[in-house]
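The sequence and structure are shown first.

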2 protein chains.
Amino acid sequence: MSSPPRLTQYRLCPRSRSIRLALAEYGTEIALLDENPWEWRKDFLAKNPAGEMPVLEYDGGPTLCGAYSISEYIAEEVMPPSRATATRPPPLFPGNREGRAEVRRLVDWYHGKFDREVSRELLNEKVYETMRPTHGSPDPSILRTVRTNLRYHLAYTGYLADARRWLAGDDLSFADFAAAAHISVVDYLGEMPWNEYPAVKIWYQRIKSRPSFRALLADRVPGSAPSAVYSDLDF
Amino acid sequence: MSSPPRLTQYRLCPRSRSIRLALAEYGTEIALLDENPWEWRKDFLAKNPAGEMPVLEYDGGPTLCGAYSISEYIAEEVMPPSRATATRPPPLFPGNREGRAEVRRLVDWYHGKFDREVSRELLNEKVYETMRPTHGSPDPSILRTVRTNLRYHLAYTGYLADARRWLAGDDLSFADFAAAAHISVVDYLGEMPWNEYPAVKIWYQRIKSRPSFRALLADRVPGSAPSAVYSDLDF
């Protein structure tokens with residue numbers, strides 16, 4: 001029997017979280033390897049020269065780097081007949097060609113734009129800086145900009161959640177996992193203004209209640225305790 | 001007869017360029033609409049609320065936003081039988097499942113990491129800043145960092161070009177178009193240290209000679225003349 005695939009990730013890395021959600025929805029058992037992104041360890045760079053997470057290694061199989069490559073690889077999996085029936089997982093990129101394009105547009109929004117304008121900066125200021133040997137502290141002007149950016153992104157997410165059943169349309173998709181992954185990290189860091197965005201809250205409650213989300217809600221990182229509502233399903 | 005699809009782009013936007021290359025390889029005639037990324041025009045934001053390029057609009061069909069969504073949409077095209085024979089274009093994501101994962105890893109490298117660490121900063125400093133009403137000038141310390149980053153990326157590109165026929169393996173792929181799009185912009189701005197990276201130069205000469213590249217080599221933007229070697233096939 002072969003060992004489960006190994007996912008090198010950081011507990012609060014949104015891209016890693018989106019892949020953990022996708023793999024959990026597919027019922028794929030994985031072994032989690034923790035990596036600290038601010039350390040730039042040589043062993044990790046040997047695995048992925050881009051120095052980015054997540055990295056998925058199959059026993060005797062390929063090593064896949066990055067959420068884009070991994071998500072499309074998972075989506076291309078051919079289901080064995082026994083799993084293709086009642087328990088078939090939701091496709092990551094559902095719908096027709098146009099539907100899939102809409103899912104990918106939104107994945108790009110969260111893993112690209114939201115990451116650059118919110119998550120990356122927030123993690124750097126509130127977590128990585130404090131973990132470095134220099135023990136830096138968050139820059140208030142950067143945090144102000146990030147909080148302004150966040151509201152713009154939540155307004156757009158609320159607009160989508162209000163107009164559609166799931167973010168990309170009628171079906172749950174990888175766009176929901178990508179969005180929820182980023183928002184879950186913002187929430188862990190106590191920066192989610194839930195009351196200002198009720199449609200986002202209702203959508204997030206639904207996805208947070210899925211069994212695939214459980215492992216994420218149990219995550220804790222040294223030096224940063226989660227916000228009071230982080231693991232609460234009825235927040 | 002329907003009009004050709006319209007691509008909203010900026011001449012020196014690397015992501016737009018990668019899509020122009022892909023569409024040209026597929027023999028898809030398009031109408032180019034020029035958009036200045038530093039203007040954030042309302043009409044453009046109505047088309048793509050992310051404010052990012054390129055945007056591809058089909059006559060009576062979908063509007064697709066961003067290089068990720070568009071490239072995968074093009075790759076899913078089912079070729080009509082007449083075109084599926086001798087003149088069949090190169091697939092954007094060739095190979096088996098692992099091969100495609102490798103192409104996507106590298107697309108992510110160039111459209112993600114290279115873009116963030118080199119192209120985006122270079123365009124902002126050398127072009128957008130000078131076009132804004134404030135007429136800013138490039139920040140020498142940012143340019144220094146960008147040039148250091150660039151060398152790291154070119155070393156890795158050279159390593160790939162040296163070890164493989166094309167960047168992702170035996171076959172030309174969207175990874176080559178993405179990489180060439182970014183490098184062509186760096187070259188336009190006179191920042192390519194060609195002599196230091198001979199393997200990159202040989203690979204780039206091959207892709208630069210393809211008919212799909214011609215339109216890019218004819219591009220000019222107001223305020224920035226291209227480097228002496230930019231359009232030269234034998235540089």
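## Confidence and conventions

Chain A of this predicted model has an average pLDDT (the predictor's confidence in each residue, from 0 to 100) of 94, and 96% of its residues score at least 70. For the complex, the predictor gives an ipTM of 0.94 and a pTM of 0.95.

Residues are numbered from 1 along each chain as its sequence is written, and chains are lettered from A and ligands numbered from 1 in the order in which they are written. Local features need pLDDT of at least 70, side-chain atom pairs count only at pLDDT 80 or more, totals for chains, interfaces and linings use all residues, and side-chain values use heavy atoms, with hydrogens and water left out.

## Interface of chains A and B

Chain A and chain B each contribute 29 residues to the contact (heavy atoms within 4.5 Å). About 2,900 Å² is buried between them, with carbon and sulfur atoms giving 51%; buried area is the accessible area (1.4 Å probe) that two parts lose on being put together, summed over both.

Six salt bridges cross this interface, a salt bridge being a side-chain nitrogen of Lys or Arg within 4 Å of a carboxyl oxygen of Asp or Glu. A:Glu52 and B:Arg116 meet in a salt bridge with an N to O distance of 2.7 Å. On the side of chain B that touches chain A, helix H4 supplies the largest share, 12 residues.

## Salt bridges within the chains

Over all chains, the structure holds 44 salt bridges. In one of them, A:Arg6 and A:Glu57 have their closest N and O atoms 3.8 Å apart. A:Arg6 lies in strand E1 and A:Glu57 in strand E3, so the pair ties together parts 51 residues apart in sequence. Strands are DSSP runs of E, at least two residues, and helices runs of H or I, at least four, numbered from the N terminus.

In chain B, B:Arg147 pairs with B:Glu191 at 2.7 Å, N to O.

## A:Asp187

A:Asp187 lies in helix H6 of chain A. This residue is buried (under 20% relative accessible area, 1.4 Å probe, protein chains only) yet has no salt bridge; the nearest side chain of opposite charge, A:Lys208, is 4.3 Å away. The side chain of A:Asp187 does make a polar contact with that of A:Trp194, at 3.1 Å.

Note on methods:
Buried means under 20% relative accessible area, exposed over 50%, partly exposed in between (1.4 Å probe, protein chains only). Lys and Arg count as positive and Asp and Glu as negative; His and the chain ends are not counted. A polar contact is a pair of N or O atoms within 3.5 Å; within protein, one must be able to donate a hydrogen and the other to accept it, and residues adjacent in sequence count only if both atoms are side-chain atoms.
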